[in-house]
Amino acid sequence: MTDTDSTESQPLSERGSNRSQRPSSPAFRAFIASGWQEQEPTLPEQSPAAPFAAARRERLGALFPGERLVLPAGTLVTRSNDTDYRFRPNSAFAHLTGLGTDEEPDAVLVLHPVAEGEDTHEAVLYFRPRAGKDTEEFFADARYGELWVGQRPSLEEVAALTGLRTAHIDSLGDELAKDAGPGGVQLRVVRGVDAAVEAQVESARRGQEETEAADARLAEALSELRLRKDDFEVAEMRKAVAATAEGFADIVRALPRAVEHERGERVIEGVFGARAREEGNAVGYDTIAASGNHANTLHWIRNDGAVRPGDLVLIDAGVEVDSLYTADITRTIPVDGVFTAAQRKVYEAVLDAADAAFARAGQPGARFRDVHAAAMEVLAARLEAWGLLPGTAEESLAEEGQFHRRWMVHGTSHHLGIDVHDCAQARREMYLDAELEPGMVFTIEPGLYFRADDLTVPEELRGIGVRIEDDVLVRADGTVENLSAALPRRVEDVEAWMASLRG
């Protein structure tokens, strides 16, 4: 038998079921479809997020009158063979529907233009509702079947939850093509989320020009829509920060166990991950648990190192709550509860830089870029005083200098929300160059990183990495609030906090 004969006798696409020994007789199908208790239909209450999501859709639609906007939730992604990663919807989809957690794979939100009336668009949510118990999907589909992954919601249930009109995903293609094409309704789609939906959009708008630029403008608008958080979003951010603070307390309590384990960083990661799953949806990003010199690798997520007494451990972590809003907090703490003189020296320099950034953020007319500049002024001055700069702090702060950035290469702030790096596709004038406005939520996170192999710094500082990161809200009166203030920042407060948690 040839290789071709083998493939033709059972195509590769069917071989994944070889292990399952799935029954398929008509008698079995009839039997498994019968004998189930009928459930009384009870519709859920509307989500607290629904009215806020409706207002966001209205703001977006006003930017694109007469156009059809297509926002996919995304698809399940294979982790290995037939095992999927846990689903998380695309952030723009979640923001405009109010759905979170793992709702709803393969769904698509479409804002259809309307010709008359006060509204510019009618929003319709297309998704795959649950199948009946008399279908093969019910018992045989390991990705969608009720016996495998639980009961999917009905069209009516999702409509009640979101306040949206709902429709079966199978009708999407025809709805996208309606009135489209050359001279017809312009379509825009969020790219890079669902290839099948993108293909349907491309087919529907065949002949339309500059589609890539049109889609880029939609992505930009969706990012800028999130620059100022509404009341619902701020409340969710507070929940995320509070749960994250509890996770940091859990870490301190677990430090003795981390010290005893050869991969103590994994102990820290696991303890925080448990809190994130208990209190929210997941972690908002891979936890950084970086002990000793690992703290000088900015995105250290391998977390396979030892946690040793006498070292600092830098923990950068955030709980993502069920609505998908995430905190992003960093604390650098002494493993045995007390800073050494060298550690304190570096830590207090970073803390002073953070305090300067807070002060600048609270000044009238402050721009986003000013927050970073304030922190850099402090760090450059401190590094000059320590004799580490090849000139003065003023020379280093000049654009042609920047020598201090050797030990602080990242930015001091980023917007925060439903994405840990939120609003990332906003224009420069709306982000970096913009004045801080009420409702903005962002981080303040200066650091100093002295690698163990850095011969330009004194030996006593080598291997020390410190970052302090807090989550900040601009209030209605223009002042700033440290949402993560419950976690101590000053040296003596950190030491007292750790002592209280460890008894």
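Glu 445 is buried, and Arg 467 is buried as well, where buried stands for a relative accessible area under 20%, exposed for over 50% and partly exposed for the range in between (1.4 Å probe, protein chains only). The side chains of these two residues, Glu 445 and Arg 467, meet in a salt bridge at 3.9 Å, N to O; the term requires a side-chain nitrogen of Lys or Arg within 4 Å of a carboxyl oxygen of Asp or Glu. This pair links distant parts of the chain, with Glu 445 in the loop between β13 and β14 (447-450) and Arg 467 in strand β15 (residues 464-467), 22 residues apart. Helices (H or I, at least four residues) and strands (E, at least two) are DSSP runs, numbered from the N terminus.

A word on the basis of these values is in order. The model is predicted, and local features need pLDDT of at least 70, side-chain atom pairs count only at pLDDT 80 or more, and totals for chains, interfaces and linings use all residues. Residues are numbered from 1 along each chain as its sequence is written, and side-chain values use heavy atoms, with hydrogens and water left out.

By the salt-bridge rule the count comes to 42. One of them joins Glu 320 to Arg 88, whose closest N and O atoms are 2.9 Å apart. Glu 320 belongs to strand β11 (residues 319-320) and Arg 88 to the loop between β3 (83-84) and α4 (91-97), so the pair ties together parts that are 232 residues apart in sequence. Glu 320 is buried, at a relative accessible area of 4%, whereas Arg 88 is partly exposed, at 30%. Lys 229 and Asp 422 also form a salt bridge, again with 2.9 Å between the closest N and O atoms. Here Lys 229 sits in the loop between α10 (211-224) and α11 (231-260), and Asp 422 in the loop between α15 (393-397) and β13 (441-444), 193 residues apart. Both Lys 229 and Asp 422 are buried.

Strand β12 (residues 329-334) has six of its six residues buried. In a regular strand, side chains alternate between the two faces of the sheet. Both faces of β12 are covered, with Ile 329, Arg 331 and Ile 333 on one side and Thr 330, Thr 332 and Pro 334 on the other. Strand β10 (residues 312-317) runs antiparallel to β12 and is joined to it by six bridges, pairing being assigned if DSSP finds at least two bridges between two strands. Within this pair, Leu 312 stands opposite Pro 334.

The largest pocket holds about 980 Å³ of space. Its lining comprises 34 residues, of which Asp 84, Ala 142, Arg 143, Tyr 144 and Val 149 lie nearest the centre. Two cavities of 30 Å³ or more are counted. The largest cavity has a volume of about 50 Å³, and its lining includes Ala 49, Arg 56, Phe 232 and Ile 418. The second largest cavity holds about 40 Å³; Arg 130, Glu 137 and Tyr 144 are among its lining residues.

Definitions and conventions. On a 1 Å grid over the protein atoms alone, a cavity is a set of points where a 1.4 Å probe fits but cannot get out, and a pocket is an open set with protein on both sides within 12 Å along at least five of seven lines; lining residues have an atom within 4 Å of a point. Grid points are joined across faces, edges and corners, and a volume is the space filled by probe spheres set on the points.
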